Amino acid sequence: MNEKEIILKTKKLTKTFLGTIALNEVDFELREEEIHALIGENGAGKSTFSKIISGAYVSTSGEIFIHEQKVNIKNSSDALKLGIGIVFQERDLVPWLTAVENIFLGRELLNSIFLCPGKMKEELRTFMQEIGVEIPLDQPVIELGPSEQQMVEILKVLLQKPRVMILDEPTSSLTEKETLSFFKLLKTLKKKVSIIFISHRLEEVFEISDRITVLRDGKKIDTVETAKTSPEEIIKMMVDREISNLYPKEEIRFGEDVLEVKNLSVGKLKQINFKARRGEIVGIAGIVGAGRTELLEAIFGLEKLEEGEIILNGEKVYPKSPGEMIKKGVYLIPENRRVAGLILQMNVAENLSIIHLSKVCSGCMINNQKEKILAKRLIDKFGIKVNNVAQNINNLSGGNQQKVVIGKWLAEKATLLLMDEATSGIDVGAKREIYRIIQGLAKEGTAIIYTSSDLPELIGISDRIYVLSEGRISPEIHRKNFSQQEIVKIATVTV
């Protein structure tokens, strides 16, 4: 069988930032009608590569070819003219505008000087029928679900008739059912557009891709046909070491109850009861929308309880604000680190010290030396990879950003740590480091409540699991009785 035509090719593509090599002489080929997965640990060079191809960065050296013709991509406009579009992991939508208005934003159809909303809607409807997609067109996108918002982002790109489309972590906010529907769409789309698929979820990579290219430390390790390799081989290429025990679980003697939730009701949550002991990792399972985040936010004081009790270390508490709970040693690692966990305009030291100003201030002024000492201690404790403490937080990989989020809370010992999707969007190597940190905190006596959409992860690290379904919680499931099938069954029916 003849090989498909090469749509996109790079030769020795290289990018340096202030002397640091982010991408090192990468050769890459994308074929016609192909879904080509690009994977690697955080910091491996995936984002740098995709940003060069899509015009966000200009390469330091190397060549890019479209249909064997050498091209010069200086900006995103150049990339779009060459038929290259990208859908980033973070949404880039105007929330109060409709799907139609977002999709045509900046390239509206005009009749002389007047907008033609009817014509835009008709063109969009015709295109959606061609590819078998249906989404509400007249609602503000803030009212749409995650999968519908994702489709708005994709349609923004597809309507410009690209030859190459880059998808960066496209399923990170989708449910399993939504992901299956999305993959069905991708298999249709690849007949129209070649796709570079970036994901940390290996099971998805093996489900959807035709070939896989692995990057490590900015270098290309290999390109392999998906059908001729295995997850174990890919992981070894990614991390240059075997990860035989992804979930480093140790036997820990649990202490007394740290947290007891009794008959808690707030929002969709009704009559929630569960406990967590000192040194214990309690998992909270449930599909998207089951109320996992709402439960942690209620304990942390972000949601006002409608009824019920929270007992912390044997005493009733009434969480009125996060500040009050922080004083009691209760910390929350939020689901969206870039929105709720970090201040992206600040550097590493500033992010690590922001909630510990009393420790780094002399009088009413921040003492830079104290701030630096605190930051270095936390960087060493949590294995955060940085060039220096003054490095901008935006320039760290996702895994290291997440370790900063965890580290900033844990300059002091936590009584209760609430972790919401703590490893979302980070690679397998960084995940294992996060698990190591969690296990170490449990050994120190911290009680941990851990939510995750990754069921194998939840089963791997938890001592007990509760399942939320439609706002209600199941009886506890002990580690010796963990069953992925049973947890899924409970999560998808009314408790």
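**Close-up views of a predicted model**

**View 1. Four strands form an open, antiparallel sheet in the order β2-β1-β4-β5.** The structure shown here and in the views that follow is a predicted model. The edges of this sheet are taken by β2 (20-31) and β5 (69-71), each of which pairs on one side only, and the twist from one strand to the next averages 25°.

View 2. Strand β9 (residues 164-168) runs parallel to strand β10 (residues 194-198), with 5 bridges between them, and Asp-168 is found opposite Ile-198 in β10.

**View 3. Strand β3 is mostly covered, with 5 of its 5 residues buried.** In a regular strand, side chains alternate between the two faces of the sheet. In β3, Ile-35, Ala-37 and Ile-39 point one way while His-36 and Leu-38 point the other way, and all of these residues are buried. The strand β3 is joined to β10 by 4 bridges in a parallel arrangement, in which Ile-35 has Ile-195 as its bridge partner. Another 4 bridges join β3 to strand β11 (residues 211-216), again in parallel, and here Ala-37 stands opposite Ile-212 in β11.

**View 4. The largest nonpolar core holds 80 residues, among which Phe-274, Leu-416, Ile-449 and Tyr-450 touch the most other members.** Helix α16 (residues 428-443) gives the most to this core, contributing 6 residues. A second, separate core of 36 residues includes Phe-104, Leu-137, Leu-186 and Leu-189. When its neighbours within four places in sequence are left aside, the contacts of Leu-416 include Val-258, Leu-259, Ile-299 and Leu-312, as well as Tyr-331, Ala-447 and Ile-449.

**View 5. Helix α15 (residues 398-409) has 12 residues and reaches 17 Å from its first C-alpha to its last.** This span is close to the 16 Å expected at 1.5 Å a residue. Since 12 of the 12 residues of α15 are buried, the helix is largely enclosed by the rest of the structure. Among its buried residues are Asn-400, Gln-401, Gln-402, Lys-403 and Lys-408, together with Val-404, Val-405, Ile-406 and Trp-409.

**View 6. Asp-454 lies in the loop between β22 (447-451) and α17 (455-461).** Asp-454 counts as partly exposed because its relative accessibility is 26%, a value between the limits of 20% for buried and 50% for exposed. Although Asp-454 and Arg-201 are 253 residues apart in sequence, their C-alpha atoms are 9.6 Å apart in space.

Key. Residues are numbered from 1 along each chain as its sequence is written. This is a predicted model: local features need pLDDT of at least 70, side-chain atom pairs count only at pLDDT 80 or more; totals for chains, interfaces and linings use all residues. Side-chain values use heavy atoms; hydrogens and water are left out. A nonpolar core is a set of buried Ala, Val, Leu, Ile, Met, Phe, Trp, Tyr and Cys residues joined through side-chain atoms within 4.5 Å. Buried means under 20% relative accessible area, exposed over 50%, partly exposed in between (1.4 Å probe, protein chains only). Helices (H or I, at least four residues) and strands (E, at least two) are DSSP runs, numbered from the N terminus. Contact means heavy atoms within 4.5 Å. Two strands pair if DSSP finds at least two bridges between them. The expected span of a helix is 1.5 Å times one less than its number of residues. Axes are lines fitted to C-alpha atoms, for helices over the stretch in contact, and angles run from 0 to 180 degrees between N-to-C directions.
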